[in-house]
Amino acid sequence: MEFTLNGRGVSTEVRAGETLLEVLRERFGLRSPKDGCAPEGSCGACTVLLDGRPVVSCAQDASRVEGRDVVTLEGLPAEARDAWVDAFSSAGAVQCGYCTPGLVMKSEALLRRSPDPSREEIARALAGNLCRCTGYVKVIDAVRRVVAARRGDGVEPVPAEVPAGAPAPAAGAAGAAGGRFAGPSTGAPVVDLAPAPPGRVGAPTPKCASRRLVLGEHLFVRDMAVPGMLHAALRFSDHPRARVLHIDTSRAEAVPGVVRVATATDVPGRRYQGLISADWPAFLAEGETTRCVGDVLAAVAAETRHAAREAAALVAVEYDVLEPVTDPFEALAANAPAVHEGGNLLSVSTVRHGDVDAALGWAAHVVAETFRTQPVEHAFLEPEACLAMPAGRDGPDAGHCCGDGPAAGDGREGGGGIGRPHPQVGERFPDGGPPAAALSDVSGTKAADPAATGLRVYSQGQGAWEDRRQIASLLGLPEQAVRVTQVPTGGAFGGKEDLSVQGQAALLALLTGRPLHLALTRRESIRLHPKRHALTMAYTAGCDAEGRLVAVRARIVGDTGAYASVGDKVLERAAGHACGAYRVPNVDVQARAVYTNNPPAGAMRGFGVVQVTFAIEGMLDRLAELAGLDGWEIRWRNALDTGDRFGTGQLLGPGVGVRRTLLAVRDAYRSARFAGIACAAKNTGVGNGMTERGRVILRPEPGGCVTLFHSWTEMGQGVHTVLRQIASQELGMPADRIRVVVDTERELDTGQTTASRATTLGGQAVLDAARHLKAALGDDRMEDLAGQEFAGEYVVDWTTGNSAGEPVTHFAYAWATQVAVLDDRGRLAKVIAAQDVGRALNPLALEGQIEGGVHMGLGLALTEELPLDRGVPAAATLKSLGILPAAAMPPVECILVEEPQPEGPYGAKGAGEAVLVPTPAAVAGALHAFDGRWRTALPMRDSAAARAALPRLAREARGTAAVAGAVGAASGESDGGTAGGDVAAVDAAAPVPAGAVPG
């Protein structure tokens, strides 16, 4: 087949059924088109121009490209590439970056046909391109910047917003508040810095390596390739619960190109692994019973990806199919089949203090309600992938986080780059993981081959040291024989904490002695990794006549699915945050995590707190109505402050900013006709008695650069950028002279990148290391210390469990208040998000986190769900998950409140998770203001806001109503003349506000 690629005539052989994306990536080595969902064509990450029109290349049959013109991002003119880099970087439109090249190509096509589109036109044009990180706000900002540049008008300013009403406190205010209540004093500085130069603390700084991300030059693990590399594919279980009688690999082994097929019998170490409980098998063995459809039965290594997948599909499995246990309440019944030998109850978390019965007895107002939330898919744009290599083999260049100059062959000499078959450029960054329970020899292990020389693993997980521990255990190797290099990942949101494909990839590399790449399809990704917990929450709450809370009782049941993952911690967090951001003197909370045969549930942004916040905020709204208060007033009367006790009983010290966030949104809430309001508290750090650390090393290099080694995963949140800013601030050197590396070659294990703690722990460790380096530096030049390493550490070892006499469950909390505003037709009009960030180390990144978090929170509130059919995901594509498109994203007003946290660097606190915690509750309040209905279950798809945001919901509702109407007419039934109201209820174009009379 011959066609034109980036201005050059090319020729290649095409396999039957091969897609254009496969040809571009595998035949021509082009990596800017990303594989996020092939072949469904619904994420847009692989967008290219075909005869000048934007197309998703994963859904284009390659044979149809004969004689046509294809342009990828590599082929755009140099000035266009530079303009897109400048715009996306300066606008803060780059987070994980996996979707960014596709967004650029879709936007380039738009501007070629419409040089000056409005924001609304840009949002509509981006339909079909998903971004899970940014919420699209800054993406549209970036496109408008390119428009302005091409008009010659200069750059349209996109300022970092810190609106009036949220002034920063005076320097040292936190320290003057009277000491520490959350634990012993750390001596952490809270300082008032001068206006920050670019790249320093406080400056709106573009993301580290943003140029390579925008242009698609950063190689994610999914992009990596090395000479002689094998490809792998997995064979998953067909049933959520079935006894595996026999696994036959003979047909798979006969496929041309297959090198090895591995099953449970090939595992030299312990098959069962896990972050906390070792209950998750890397391979399920004959004679065992499957627990979910994500169980792996076999893995195939072959010379090509196509051969590996063909062979995996030919692995024959004989089952005794059993009825799955899919309801957590049924799973708790005495006669329920046991998902695990120890039973179906994973954990029970309790928080109790005071006398709830007595308080509810004298309360002026008492409300009881049951709330339910749904399982949700993370939908990170880069599906799971791993590159594993025997030790001693040459791997991809690990690269680093700085130096955004031209890469070799990047086409900036005039565009038209075609690429290389085996790109050798990557980036190395990892993190760590919470301590695991002692691994039991569940599977009957055998000793590892003593001649094994070890492995190098390139991981996209959220904990490189935790990956190393589990991989080494699986292979029967000492941990030092496994080196894990953390590559910045294309999104995670908690969904990449667990070992996913790293174990199978490492085993096949060990068995074959060759480099091996294993990447999941989108359908497989949805099948495998843990989801957001579905919770059922029965609440009773009471207040006095003035609306002050007196008691909360909650009984929470969480469906943790087939494996523990971090489910016990999610339910522990739900119990601890069950009272939200409010003073409650009497508390009785129990939260249970229950095994079922549904897909596992684990970490997802919000980590159990967003679910219980939906419930407690709903209770406050109902109590406010009974007490004659508006939503703002009841929250103000109950909001926590320094010296109050958190729901767990922890006495709060400095850094409690929830009341300031309330003040920041008061006028907006009260001036809106249809508005809802909600507050949030979200822990920073795992806490609950676990020792937590930040560890870094600063190493001066010849030439005056500095290498910063740390342990946290870069997954779009910008941890590399902010830690580099802190180092730049302390060392007084440009940020682009500091490179960032995360790799287990240095012992910096600090656990998973989770619990919004990387900035706090990592930042304090950078401050410590910088102090040591500066002391050694004196009046010398940085290069005079080249090769010396200066370690820094920050330890939190003073948190406790809930049952302690004086509990300190977390070392810090983040606080937020959001207001959701609807228009007169019930559509999302605006979200005002006031976030207490402690200190805004990078306002640009913080705004991006808030906007992206609001987008995810709106999806959770209105449209997103992973429906299950007897344990099997009924939605296996991105398109079917209900993710809000760009056109559905309302304006977001970001208000950065700075209430310094003494434990944080310069007073900063974690922000990444708290940003979505109040969103569903605020939306529920706004919907009640609009139509008078109290809603108790997510997603709220029956609402006008949901149907306007995702038009197919309105179409489906109309279709259902039409069918019902036809059935009623055929049977002679009548609805008594209320049909007009029913039509209004299902038509997003004409919903009826509360108190209105349908015309």
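I began with the second largest pocket, which holds about 660 Å³ of space. The model is predicted, so I kept to its rules: local features need pLDDT of at least 70, side-chain atom pairs count only at pLDDT 80 or more, and totals for chains, interfaces and linings use all residues. Residues are numbered from 1 along each chain as its sequence is written, and side-chain values use heavy atoms, with hydrogens and water left out.

**Entry 1**

I noted the terms before going on. The search runs on a 1 Å grid over the protein atoms alone; a pocket is an open set of points with protein on both sides within 12 Å along at least five of seven lines, and a cavity is a set of points where a 1.4 Å probe fits but cannot get out. A residue belongs to a lining if it has an atom within 4 Å of a point. Grid points are joined across faces, edges and corners, and a volume is the space filled by probe spheres set on the points.

**Entry 2. Second largest pocket**

I looked up the lining of the second largest pocket and found 30 residues, with E120, A886, M889, P890 and P891 nearest its centre. I sorted them by class (nonpolar: Ala, Val, Leu, Ile, Met, Phe, Trp, Tyr, Cys and Pro; charged: Asp, Glu, Lys and Arg; polar: the others, Gly among them). The lining of the second largest pocket has 18 nonpolar, one polar and 11 charged residues. Elements are DSSP runs numbered from the N terminus, helices being H or I of at least four residues and strands E of at least two. At least two lining residues each come from α4 (119-125), α5 (137-151), β28 (828-836), α20, β31 (892-897) and α22.

**Entry 3. Largest pocket**

The largest pocket has a volume of about 990 Å³. I listed 38 residues in its lining, and E22, E26, H231, R305 and H306 are the closest to its centre. By class I recorded 11 nonpolar, nine polar and 18 charged residues in the lining of the largest pocket. Which element gives the most to this lining? I found that α1 does, with five residues. The elements that each supply at least two residues are α1, α8 (305-313), β18 (516-519) and α13 (522-528).

**Entry 4. Cavities**

I counted 11 cavities of 30 Å³ or more. The largest cavity contains about 650 Å³ of space. Its lining has 41 residues, and those nearest its centre are Q717, S756, Q849, A911 and G912. Two or more lining residues come from each of α18 (719-731), α19 (758-777) and α20 (843-862). Of the elements, α18 gives the most to this lining, with four residues.

**Entry 5. Helix pairs**

I then checked how helices named above pack. Axes are lines fitted to C-alpha atoms, for helices over the stretch in contact, and angles run from 0 to 180 degrees between N-to-C directions. Angles under 35 degrees count as roughly parallel, over 145 as roughly antiparallel, 65 to 115 as roughly perpendicular and the rest as oblique.

I read an angle of about 30° for α18 and α19, with their axes 9 Å apart. The two helices are therefore roughly parallel to each other. For α20 and α21 the angle is about 55° and the axes are 8 Å apart. That makes α20 oblique to α21.

I also noted handedness: a crossing is left-handed if the near helix is turned anticlockwise from the far one by less than a right angle, and right-handed if clockwise. α18 passes α19 in a right-handed crossing, and α20 passes α21 in a right-handed crossing.

**Entry 6. Backbone**

I found a cis peptide bond from A38 to P39, with omega near 5°. P39 sits in the loop between α1 (20-27) and β3 (47-50). S32 is also in the loop between α1 and β3. S32 and A45 are 13 residues apart in sequence and 8.7 Å apart in space, C-alpha to C-alpha. The peptide bond from L938 to P939 is cis too, with omega near -5°; P939 is in the loop between α21 (919-931) and α22 (944-949).

D51 has phi near 55° and lies in the loop between β3 and β4 (53-56). A755 has phi of about 65° and lies in the loop between β25 (738-741) and α19.

Are these residues buried or exposed? Buried means under 20% relative accessible area, exposed over 50%, and partly exposed in between (1.4 Å probe, protein chains only). D51 is partly exposed at 41%, whereas A755 is buried at 7%. S32 is buried at 3%.
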